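Please read the following with the sequence and the model side by side.

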Amino acid sequence: MLFEEAVVRYAELVFVGGPVFTSDEVRSRTDAVAVADGRIVAVGNQAVTALIGPDTEVVDLAGRLLVPGFQDAHIHPVGGGMELLRCNLANVSSPSEYEAVIAAYAAANPDEQWIVGGGWAMSAFPGGTPSAAVLDRLVPDRPVFLPNRDHHSAWVNSMALRLAGIDKDTPDPADGRIERDADGVPSGVLHEGAMYLVEGLIPEPTIDEIVEGLLAGQAYLHSLGITGWQDAIIGKYSGIPDAGEAYLAAANAGLLTARVVGALWWDRTVGAEQIPGLVARRERLRAGRFSATSVKIMQDGVPENFTASMLFPYEDGCGHATDRSGISFVPAEVLNEIVPQLDALGFQVHFHGIGDRAVRECLDAVEHAIARNGRNDHRHHIAHLQVVHPDDVPRFAQLGVAANLQPLWATHDEQMDELNLPFLGQPRGSWQYPFGDLLRSGAVLAGGSDWPVTTPDPFDAMHTAVTRLSAPGYSDTIAEPFLPEQKIDLATVLVAYTAGSAWVNHLEADTGTIEVGKYADLALLDSDPFATGDIAGTRVVATFVEGKRVFTAG
């Protein structure tokens with residue numbers, strides 16, 4: 001964006017009385033901001049004061065911090081919004097609470113053909129796997145499909161299993177696993193590709209229902225100061241509908257107030273023949289503040305169900321190697337062919353990489369793209385980065401691959417201590433979420449949440465990035481920082497959630513920092529966490545997009 005300064009007699013909106021965190025390269029502060037015609041026209045008290053006219057709205061910061069609007073680099077807002085409107089288990093945490101919510105929802109919605117929703121935590125159940133028998137008791141008359149918080153597993157009842165023809169003799173799909181009891185009978189949880197066996201039977205939501213979910217998600221995210229994001233799946237996956245047309249409808253109706261980059265879903269059951277269709281979708285899915293210019297490749301699963309792709313086998317909890325090392329959903333040799341093709345066509349590739357083998361395979365594929373096409377500015381990025389081999393940390397900066405972090409997970413919660421560390425073993429357990437090492441190596445950091453997997457609240461995630469402890473309200477099994485050498489400071493993680501994510505989304509010319517000429521996409525906080533030291537307790541008072549309020553705290 002080339003901003004040509006226009007003559008502005010008076011500003012429409014000004015913030016005075018500091019403090020303002022600009023998120024610029026030197027992380028500077030100022031004490032006033034003026035807005036006109038949707039853009040920032042002045043910063044600093046002297047310049048801003050001269051633009052205050054009789055009709056200017058003046059906001060006294062009074063010690064409250066003004067920051068650029070947050071941008072979430074990896075999120076599923078349509079799925080999250082629809083879960084808010086469906087059988088939402090994300091706000092409770094125990095099996096008895098889950099049962100109460102499911103029973104109440106089924107009773108309140110007797111005409112729904114399927115009970116869908118989700119948000120349960122694996123750590124709430126022994127071995128991470130609830131039982132179909134519980135759902136059979138709660139909902140005996142309809143099929144149930146409830147993905148867990150990370151959407152890598154789904155809890156189903158016996159009717160859903162019967163409708164899908166899943167029984168003792170059904171083999172596991174190549175990219176998934178059917179949880180079974182001691183006799184081999186499916187017990188009620190489907191992992192990864194096995195979810196598709198049931199998911200394909202669920203009636204498709206209407207476009208109006210998907211738009212309703214999008215708008216519910218957008219309103220919630222605005223309340224957290226989030227003004228933009230990268231939707232990590234534009235396609236159908238694990239109960240999340242394909243939202244491409246919903247984004248178009250919302251944008252064309254003037255209802256999309258956030259800036260959104262969509263990541264088109266790579267169907268791992270199909271090869272390079274899907275690329276022309278992705279090119280066509282990219283051209284079609286472009287309106288207003290929405291464009292689908294990225295491609296999402298999910299390279300592996302998650303360690304909790306042993307589908308995260310590892311360089312060495314998982315352990316059995318007693319230090320002995322097993323015969324399981326996870327699943328690379330796209331074979332490495334295929335990945336090394338399709339990523340250069342996508343790169344040559346101008347796509348950004350948004351990888352899901354959890355295990356160390358998956359992360360290495362993603363980096364290798366980008367290296368192949370550079371060797372074939374030369375370097376460019378597509379800004380490929382890898383999300384999650386739970387286990388990264390130390391040899392691969394410096395490759396992010398060397399290859400220009402951004403590290404897309406979900407900081408909330410880097411802590412000693414029940415899931416980490418019960419379902420991860422015993423099976424990862426050492427030294428692999430100490431390679432998790434290496435934010436500090438990535439920063440020191442020169443990698444670009446972007447911040448994301450993966451909502452509805454976990455909360456999209458940036459302050460909870462930033463608290464964990466800075467302390468390596470869970471935010472208040474989350475449970476720590478031990479009150480010690482998780483790999484404290486990987487802490488990053490508040491200014492760094494705040495930049496990741498603003499300028500870093502804007503850079504990944506190719507929006508840094510107009511957003512991500514508070515500078516003259518950029519859009520007035522802003523978040524006003526209720527305090528200054530740099531001064532109070534209370535990151536997780538910080539709340540958003542108001543959110544602005546192009547100087548217009550899209551959220552005001554009640």
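In the hairpin formed by β2 and β3, where 2 residues lie between the strands, Asp37 adopts a positive phi near 55°. Helices and strands here are DSSP runs numbered from the N terminus (helices are H or I of at least four residues, strands are E of at least two). The model is a predicted one, in which local features need pLDDT of at least 70 and side-chain atom pairs count only at pLDDT 80 or more, whereas totals for chains, interfaces and linings use all residues. Residues are numbered from 1 along each chain as its sequence is written, and side-chain values use heavy atoms, with hydrogens and water left out.

Strand β2 (residues 29-36) pairs with β3 in the antiparallel sense over 4 bridges, where pairing requires that DSSP finds at least two bridges between two strands. Within this arrangement, Val33 has Val43 of β3 as its bridge partner. Strand β3 (residues 39-43) is largely enclosed by the rest of the structure, because 4 of its 5 residues are buried; buried means under 20% relative accessible area, exposed means over 50%, and partly exposed lies in between (1.4 Å probe, protein chains only).

Further along, helix α8 (residues 244-252) has as its buried residues Gly244, Ala246, Tyr247, Leu248, Ala250 and Ala251, and just after α8 Gly254 takes a positive phi of about 75°. Not counting residues up to four places away in sequence, Ile297 touches several residues, among them Trp266, Val330, Leu335 and Phe351, contact being heavy atoms within 4.5 Å.

Two loop residues complete the tour. Gly317, in the loop between β16 (290-298) and α10 (332-344), counts as partly exposed at 37% relative accessibility. Apart from neighbours within four places in sequence, Gly317 is in contact with Pro422 and Phe423, and the C-alpha atoms of Gly317 and Glu418 are 9.4 Å apart although these residues are 101 apart in sequence. Asp528, by contrast, is buried, with a relative accessible area of 8%, and is placed in the loop between β21 (522-525) and α18 (529-532). A polar atom of the Asp528 side chain lies 3.0 Å from the backbone nitrogen of Phe530. Beyond neighbours within four places in sequence, Asp528 is in contact with Pro19, Arg29, Gly63 and Leu65.

Technical notes: Polar contact = N/O pair within 3.5 Å; in protein donor to acceptor, adjacent residues only side chain to side chain.
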